[in-house]
Amino acid sequence: MKRILKTLAKKPALISTITFVLLAVVIASVALAGRTPAVPDESSPVLEQKTMREGYGLYIDGKLIAATSIEAVIQDTLDYVLDSRLNEFSGDTVTSGSFTNTITTVFGEYEESAFVTSASLAALLGIESESVYTVSVKDYNGTECGVKLNLRVTTESKVTNVLESDIVYVDNGNLLATHEDVVVVEGQDGITEDVYESVYINGECISKKYLSSTVVVEAVDRVIERGVLDNERFTASSGDTSVNDSPFIMPYDGGYISSYYGWRSMGWHSGIDIIGGPGVPCYGDPFWAARDGVVTFAGNSGTYGLVIIIKHEDGSETRYAHCSTIKVTVGEVVEQGQIIGNIGDTGFVTGPHLHFEIRFDGQTVNPLEYVRLYK
Ligand SMILES: [Zn+2]
């Protein structure tokens with residue numbers, strides 16, 4: 001240990017303990033002698049003893065925070081501070097945690113007052129209690145020195161998610177006549193556990209990325225049997241052979257059915273959607289009245305877009321929706337097969353098609369059960 005005498009500034013706080021003790025002894029002796037002590041006034045330089053000793057100085061971002069006699073105390077305290085601050089991530093798995101500051105330990109001579117205990121050092125580094133801490137660091141004088149201890153933490157968190165069951169369609173020729181879907185296996189959703197990696201700076205999440213998924217419970221496919229309609233074209237002369245005497249015909253030739261009547265993934269479907277075929281454009285193609293009748297509506301109507309409604313002699317109705325153009329007017333008498341409009345994509349559609357409905361007493365029916373095989 002070295003002691004150095006140094007002339008110092010007038011700051012009372014900097015008067016070392018030894019100086020203070022010597023001064024006290026002087027004052028006491030003078031008092032005993034019955035004389036008024038000569039206290040040095042602030043303007044006069046005081047000869048002060050400042051004690052320095054060898055030790056290890058902790059520097060954070062170039063600033064001296066404090067010193068210790070034993071080097072390991074610094075690292076142990078830093079580890080303790082790091083652990084304390086990692087406690088806030090108790091819900092997740094911490095995969096790495098470190099301070100991003102430049103932290104160095106330098107051997108040298110430091111003022112006696114710079115030397116601190118491990119507990120004091122932890123307090124200077126912001127640990128107020130086991131669960132309370134501040135980010136800003138104080139130096140051994142107890143003043144904030146403009147240094148922030150920045151903590152970077154990487155965690156892995158697990159999130160449970162629903163694994164939706166797939167729908168598997170199985171063709172069944174027996175269902176062609178009714179065009180019904182039959183659910184043969186109900187299916188069930190599964191469960192996955194998804195792992196995400198998050199990066200935090202001082203507790204604030206700055207990035208989150210998906211790492212992996214584990215299937216905890218397998219999903220069971222929902223199996224639905226449906227009629228086979230692959231490559232079957234619907235024309236004015238095709239339809240259900242059981243209704244050959246039906247007064248309705250298909251309103252568009254060479255069409256594929258892109259969506260059938262009934263419950264579909266999008267909800268209840270009140271008609272059939274007819275398209276040109278996979279990859280065959282139908283936009284602008286003419287279509288015709290499925291049966292003789294009188295036009296009762298021809299115009300724009302909400303999700304139907306441009307729509308034509310024709311009333312037939314038995315009170316039934318046919319509707320033709322999503323038209324690009326309408327070629328008839330309300331009150332006009334039309335014949336079966338007469339061109340009444342062109343296919344379009346007006347209203348609520350995902351692409352051009354003709355939405356065709358048949359209604360009896362206002363209630364929709366499956367048009368494919370009513371369009372006949374024309375002779
Ligand atoms: Zn439709």
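This is a predicted model: local features need pLDDT of at least 70, side-chain atom pairs count only at pLDDT 80 or more; totals for chains, interfaces and linings use all residues.
Q: What makes up the chain in terms of helices and strands?
A: The chain has three helices and 25 strands. Of its 375 residues, 22% count as buried.

Q: Why is His322 called buried?
A: A residue is buried if 20 or more other C-beta atoms lie within 10 Å of its own. His322 has 23 other C-beta atoms within 10 Å, and therefore His322 is buried. This residue is found in strand β21. His322 also has a positive phi of about 70°, although it is not a glycine.

Q: Why is Asp61 called partly exposed?
A: The term applies between two limits, because a buried residue has 20 or more other C-beta atoms within 10 Å and an exposed one has 12 or fewer. Asp61 has 17 such atoms, so Asp61 is partly exposed. Its place is in the loop between β2 (46-60) and β3 (63-68). Asp61, too, is a residue other than glycine with a positive phi, here about 50°.

Q: What makes a group of residues a nonpolar core, and which members of the largest one touch the most others?
A: The members must be buried residues of nonpolar kinds such as Val, Ile and Tyr, joined through C-beta atoms within 7 Å. The largest such core has 34 residues, and Val307, Ile308 and Tyr320 touch the most other members. At least two residues of this core come from each of β17 (272-275), β18 (286-288), β20 (306-311), β21 (317-326), β23 (339-343) and β24 (354-360). Strand β20 gives the most, with five residues. A second, separate core of 22 residues includes Leu58, Ile60, Leu78 and Val153. In soluble globular proteins, nonpolar side chains tend to be buried together.

Q: Which residues are in contact with Ile308, leaving aside its neighbours within four places in sequence?
A: Two residues are in contact if their C-beta atoms lie within 7 Å. Among the residues in contact with Ile308 on these terms are Val295, Phe297, Tyr320, Cys323 and Ile340.

Q: How do you know that β17 and β24 pair?
A: Two strands pair if there are at least two bridges between them. Three bridges join β17 to β24, and the two strands run antiparallel. The strands therefore meet the requirement for pairing. Ile272 stands opposite Phe356 in β24.

Q: Which strand does β24 join through five bridges, and how do the two run?
A: Five bridges join β21 to β24, and the strands run antiparallel. The bridge partner of Glu317 in β24 is Arg359.

Q: What makes β24 a mostly covered strand?
A: Five of its seven residues are buried, and the strand is described as mostly covered. Three bridges also join β24 to strand β25 (residues 363-365), which runs antiparallel to it. The hairpin of β24 and β25 has two residues between the strands, and Asp361 takes a positive phi near 50° there.

Q: Why are β4 and β12 called edge strands?
A: The open sheet of four strands has the order β4-β8-β11-β12, with antiparallel pairing. Strands β4 (93-99) and β12 (204-217) each pair on one side only, and they are the edge strands. The twist averages 20° from one strand to the next.

Technical notes
Residues are numbered from 1 along each chain as its sequence is written. Axes are lines fitted to C-alpha atoms, for helices over the stretch in contact, and angles run from 0 to 180 degrees between N-to-C directions.
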